[in-house]
Structures are given as structure tokens and as C-alpha cells.
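Good morning. Please look at the sequence and the structure on the screen, and I will go through a few of the features.

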Amino acid sequence: MGVKSFVEGGIASVVAGCSTHPLDLIKVRLQLHGEASSTVTLLRPSLAFHNSPPAFLETTHPLPKVGPISLGINLVKTEGPAALFSGVSATLLRQTLYSTTRMGLYEVLKTKWTDPDSGKLSLTRKIAAGLVGGGIGAAVGNPADVAMVRMQADGRLPVSERRNYAGVGDAIKRMARGEGVGSLWRGSALTINRAMIVTAAQLASYDQFKEGMVESGVMRDGLGTHVVASFAAGIVAAVASNPVDVVKTRVMNMKVDARGGGEARYKGAWDCAVKTVRAEGPMALYKGFVPTVCRQGPFTVVLFVTLEQVKKLLRDF
């Protein structure tokens with residue numbers, strides 16, 4: 001039962017992750033939008049006298065707001081359709097490591113903690129199982145997560161600053177060599193926190209929604225119930241995790257010189273959150289929320305519908 005839970009969760013996660021990758025890429029680009037402002041040099045005539053300070057002033061102007069649709073269209077125009085699948089190899093590895101672990105552990109703990117007499121599991125224990133599974137899964141999959149964020153964000157950088165990773169293996173190897181092995185777990189505290197929130201919200205709410213609809217007689221246990229319950233679970237997960245996801249994306253994407261040259265943009269997760277809110281306002285923590293919902297909804301639907309079908313296929317094994 002234990003091994004089969006990991007196999008079932010892994011297959012469903014890989015299918016869901018790869019099929020919704022373009023939406024995840026747009027979400028990452030939106031979360032990074034506004035992080036860097038455009039700098040313009042302006043002449044200050046009143047100060048342009050002998051022994052006066054420099055006659056030029058650098059001012060920053062925030063980048064114009066952009067939506068998921070316009071960003072996606074512009075991305076295809078400037079980088080080509082293939083850009084929508086930038087970093088898909090990292091997504092594949094991430095789902096294999098992270099989601100296989102979290103899904104498998106959740107099922108194992110759920111089975112272990114279910115009341116043997118009633119055959120039911122309380123919502124509190126479902127959430128606890130999600131927290132444990134998500135935290136361990138994130139720790140295992142963090143290197144692939146960092147690589148995925150960087151590969152997805154690479155196209156927004158000037159050509160001279162792009163990392164141009166050949167694939168997830170090349171990304172991990174170059175990060176370890178150039179920035180130290182520790183860079184593979186950059187933002188791991190954020191990744192673990194986010195994964196615990198997402199897994200608890202996503203898996204526990206799916207089970208709760210499904211059980212509630214079936215037990216109340218609103219819907220029978222079937223494809224329709226799975227779709228409705230999974231889409232609702234995706235919305236819950238998106239609302240709960242978006243602020244942590246924005247900070248995680250920015251911390252993972254920042255450039256750091258392993259030799260100590262230059263200063264990192266953020267000192268840590270809290271510093272990133274504070275600077276983001278100060279520069280862009282509190283709602284900046286919900287940047288990319290629409291594509292997050294648009295991605296979490298289909299992702300969660302594909303994940304659980306696939307999972308239910310895989311369980312049926314492997315029922316006799």
C-alpha cells in the first residue's frame with residue numbers, strides 16, 4: 001500500500017505539472033514583474049553650476065502593470081511559442097521528487113490515522129498529514145524548484161545577463177559550481193512553508209469537499225464530483241499560498257556571487273517581503289494571483305482526476 005501510494009501520486013503529479021507548465025511560467029513572470037524598476041537619467045539645470053553636485057539625477061519609474069493574457073501574448077511574440085515550456089525539464093524533476101513524496105506520505109499518514117471503527121479521518125488530521133507530507137516533499141525537491149524558477153524567468157532578463165541553462169541538470173550543476181551547493185536550497189524555508197500550506201489546503205480540502213458532496217447526496221462519487229472538488233481545492237490552495245509563493249520566487253531568482261562580490265538584493269524571506277510591500281504595496285504579495293488560480297484550478301483538477309483513474313488501474317496490484 002505504501003509504495004503504491006507514492007507511484008500513484010507521482011504519475012498524477014507529473015501529468016498535471018507538465019500539462020499546466022505554461023500557466024505556471026506566466027505566473028512566475030508576473031510575480032517577478034515590478035521587482036526591477038526602469039532607471040531614467042534626468043538633467044537638473046538648477047544644480048548645474050560650478051562646484052555644484054552632479055547635474056544629473058537618476059529616478060526610478062515603476063514598470064507598467066501587465067496582465068496574464070498580455071504577458072503570455074508578448075512572451076510568445078518575443079521569445080517564441082517554445083518559451084511557454086521553458087524549464088519543463090525542471091518541472092518534471094520537481095514533480096517526480098516533491099509531489100511524489102508529498103502525495104505518497106499524505107496517503108500513508110491518512111491511512112495510518114484513519115479511525116479503524118468509523119473509517120473516517122478528521123479534517124484536523126488531514127491538515128496535519130498535508131503539513132508533514134508537504135514539508136518533507138519540499139525539502140527533497142528544492143534543487144529542482146530553484147532550477148525551475150530560474151529557467152522560467154531567464155527569458156525576461158537582458159540577453160547579456162541570461163543564464164541560458166541547457167536543462168535542469170546543467171542548471172543544478174552550474175549553481176553548485178558557481179554559487180555553492182547551498183544555493184540549491186536557497187529559499188528552502190519558503191519552499192517548505194509554501195508546500196506545507198499548499199499540500200494541507202489542496203489535499204485536505206479535496207478530500208473534505210468530496211466526502212461532503214457524496215455523504216450529503218449532492219453528487220455521487222464519480223468524475224463530476226472529482227472535478228468540482230478538485231477545482232474548489234485549487235482555489236483554496238491559491239488563496240492560502242500566493243503571498244509565500246511571490247516571496248519564494250523572488251528569493252530563488254536573485255543573483256548571488258559565491259565569491260562575495262556585490263550585495264544580494266534580499267537578505268532573506270522577511271527582507272524580501274518588506275521590500276516588496278514598501279516598493280509595490282501590500283497587494284504585490286498577490287501578484288500573479290489570477291494565473292495562480294488559473295494554474296491551480298486546472299492543475300488540481302488534472303491531478304486528482306488522474307489520481308482517481310490511476311488508483312482504479314492499480315487497484316489489483
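Of the contacts in the protein with a separation of 6 or more, what percentage comes from residues 24 or more positions apart? The figure is 77%. Keep in mind that this is a predicted model.

The protein has 10 helices and two strands. Starting at the N terminus, the order of elements is α-α-β-β-α-α-α-α-α-α-α-α. The protein has 317 residues, and 46% of them count as buried.

Next, helix packing. Two packed helices are described by the angle between their axes and the distance between the axes. Take H4, residues 88–113, and H5, residues 123–153. Their axes are 8 Å apart, and the packing angle is about 175°. Angles over 145 degrees count as roughly antiparallel, so H4 is roughly antiparallel to H5. Sorted by class, the residues in this contact of H4 with H5 are 18 nonpolar, nine polar and five charged.

H4 also meets H7, which covers residues 188–216. Here the axes come within 12 Å and cross at roughly 50°. That angle makes H4 and H7 oblique to each other. The crossing of H4 past H7 is right-handed. On the H4 side, the residues in contact are Arg94, Tyr98, Arg102, Met103, Tyr106 and Lys110. On the H7 side they are Arg194, Ala195, Val198, Thr199, Gln202, Leu203, Ala204 and Asp207. By class, that contact has seven nonpolar, two polar and five charged residues.

Lys248 sits in helix H8, residues 223–253. Is Lys248 buried or exposed? Its relative accessibility is 3%, so Lys248 counts as buried.

Now the aromatic rings. Rings count as a pair if their centres lie within 6.5 Å, and the count here comes to two aromatic pairs. One is Tyr206 with Phe304: the ring centres are 3.8 Å apart and the planes are at 5°, so this pair is stacked. Tyr206 belongs to H7 and Phe304 to H10, residues 289–313, so the pair ties together parts that are 98 residues apart in sequence. Tyr206 is buried, with a relative accessible area of 2%. Phe304 also counts as buried, at 3% relative accessibility.

The other pair is Tyr286 with Phe289. Their ring centres are 5.6 Å apart and their planes are at 70°, so this pair is edge-to-face. Tyr286 has 30% relative accessibility and counts as partly exposed. Phe289, at 26%, counts as partly exposed too.

Last, the segment after H10, where Arg315 is found. Arg315 has 57% relative accessibility, so Arg315 counts as exposed. How many residues apart in sequence are Arg315 and Lys4? They are 311 residues apart in sequence, and 9.4 Å apart in space, C-alpha to C-alpha.

To go back over the helices: H4 is roughly antiparallel to H5, whereas H4 and H7 are oblique to each other. H7 also carries Tyr206, which forms the stacked pair with Phe304. That is the end of my part.

Methods:
Residues are numbered from 1 along each chain as its sequence is written. This is a predicted model: local features need pLDDT of at least 70, side-chain atom pairs count only at pLDDT 80 or more; totals for chains, interfaces and linings use all residues. Side-chain values use heavy atoms; hydrogens and water are left out. Axes are lines fitted to C-alpha atoms, for helices over the stretch in contact, and angles run from 0 to 180 degrees between N-to-C directions. Helices (H or I, at least four residues) and strands (E, at least two) are DSSP runs, numbered from the N terminus. Angles under 35 degrees count as roughly parallel, over 145 as roughly antiparallel, 65 to 115 as roughly perpendicular and the rest as oblique. A crossing is left-handed if the near helix is turned anticlockwise from the far one by less than a right angle, and right-handed if clockwise. Contact means heavy atoms within 4.5 Å. Ala, Val, Leu, Ile, Met, Phe, Trp, Tyr, Cys and Pro count as nonpolar, Asp, Glu, Lys and Arg as charged, and the others, Gly among them, as polar. Rings of Phe, Tyr and Trp (its six-membered ring) pair if their centres lie within 6.5 Å; planes under 30 degrees apart count as stacked, over 60 as edge-to-face and the rest as tilted. Buried means under 20% relative accessible area, exposed over 50%, partly exposed in between (1.4 Å probe, protein chains only).
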